[in-house]
Amino acid sequence: MDYKSMFSPKLIDLSVEATTEADVFQIVAAKLLEAGMVNEDYFDGITKREANFPTGLVTQHLNIALPHADPEFVKEAFVFICRLKSPVKCRQMGDNSEMEVENLFFLGIKDGKNQVGLLQVFMNLFMDEEFVQQFLAIDCPEMMYQFFIKSIAS
């Protein structure tokens, strides 16, 4: 799958104000619905899936979260990049322990077999300290879009 096609400058918000994970999900779900990327049940779908299968990920250089809903809630494949103005609590993938996160990547996957590959792409990128430093320095959606397009191998 061409992961680069899942990115768009219109699906990047680097200044989201939220106090809880549920707030973040509500804000992003509304933006994705307005963009026509998801159906009206997406918020419920992502909330339920995250409750059962948390997606917080502690990497060596930065905590991130990779929330995603089941394909039935996704109209078009996407990655929504969300940076919060202050951290929220979420749960870690695997052991469910609590962690804080400021950078979330909402994955809209239409075909479940692409999920593992996309998760691996993000894990590899965020294990690279130079990538993380450059990622954190970007505060413009268009620049962030270009950065990911350049960083993801074809």
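Modeller: Contact here means heavy atoms within 4.5 Å. Leaving out residues up to four places away in sequence, Phe122 touches Phe7, Leu66, Val79, Phe105, Leu107 and Phe148.

Biologist: Where do these coordinates come from, and how are residues numbered?

Modeller: This is a predicted model, in which local features need pLDDT of at least 70 and side-chain atom pairs count only at pLDDT 80 or more, while totals for chains, interfaces and linings use all residues. Residues are numbered from 1 along each chain as its sequence is written, and side-chain values use heavy atoms, with hydrogens and water left out.

Biologist: How many helices and strands are there in the protein chain?

Modeller: Elements are DSSP runs numbered from the N terminus: helices are H or I with at least four residues, strands are E with at least two. The protein chain has 5 helices and 5 strands. Their order from the N terminus is β-α-α-β-β-β-β-α-α-α.

Biologist: What is the radius of gyration of the protein chain?

Modeller: The radius of gyration is taken over C-alpha atoms, and the globule rule is 2.2 Å times the number of residues to the power 0.38. For 154 residues a compact globule would come near 15 Å; the protein chain has 14 Å, which agrees. The C-alpha trace spans about 35 × 30 × 30 Å along its principal axes. Of the contacts in the protein chain with a separation of 6 or more, 69% are between residues 24 or more positions apart.

Biologist: Which residues have the most contacts inside the largest nonpolar core?

Modeller: In soluble globular proteins, nonpolar side chains tend to be buried together. Buried means under 20% relative accessible area, exposed over 50%, and partly exposed in between, with a 1.4 Å probe and protein chains only. A nonpolar core is a set of buried Ala, Val, Leu, Ile, Met, Phe, Trp, Tyr and Cys residues joined through side-chain atoms within 4.5 Å. The largest core has 30 residues, and Phe105, Phe122, Phe126 and Phe148 have the most contacts inside it. The elements giving two or more residues to this core are β1 (12–16), β4 (78–91), β5 (98–108), α3 (115–126), α4 (129–137) and α5 (141–151). Helix α3 gives the most, with 6 residues. A second, separate core of 26 residues includes Phe25, Leu32, Val74 and Met99. Over the protein chain, 47% of the 154 residues are buried.

Biologist: How many aromatic pairs does the whole structure hold?

Modeller: Rings of Phe, Tyr and Trp (its six-membered ring) pair if their centres lie within 6.5 Å; planes under 30 degrees apart are stacked, over 60 edge-to-face, and the rest tilted. The search finds 18 aromatic pairs. Phe105 and Phe135 form a tilted pair, 5.7 Å centre to centre with 45° between the planes. This pair links distant parts of the chain: Phe105 is in strand β5 and Phe135 in helix α4, 30 residues apart. Phe105 and Phe135 are both buried. Phe126 and Phe135 are edge-to-face, at 5.3 Å and 85°, and both are buried as well. Ring pairs link Phe7, Phe105, Phe122, Phe126, Phe131, Phe135, Phe147 and Phe148 into a cluster.

Biologist: Which ring does Arg83 lie over?

Modeller: A charge sits over a ring if NZ of Lys or CZ of Arg is within 6 Å of the ring centre and within 35 degrees of the ring normal. Arg83 lies over the face of Phe135, 4.7 Å from the ring centre.

Biologist: What is the phi of Asn96?

Modeller: Most residues other than glycine have a negative phi. Asn96 has a positive value, near 65°. Asn96 is in the loop between β4 and β5 and is partly exposed, at 38% relative accessibility.
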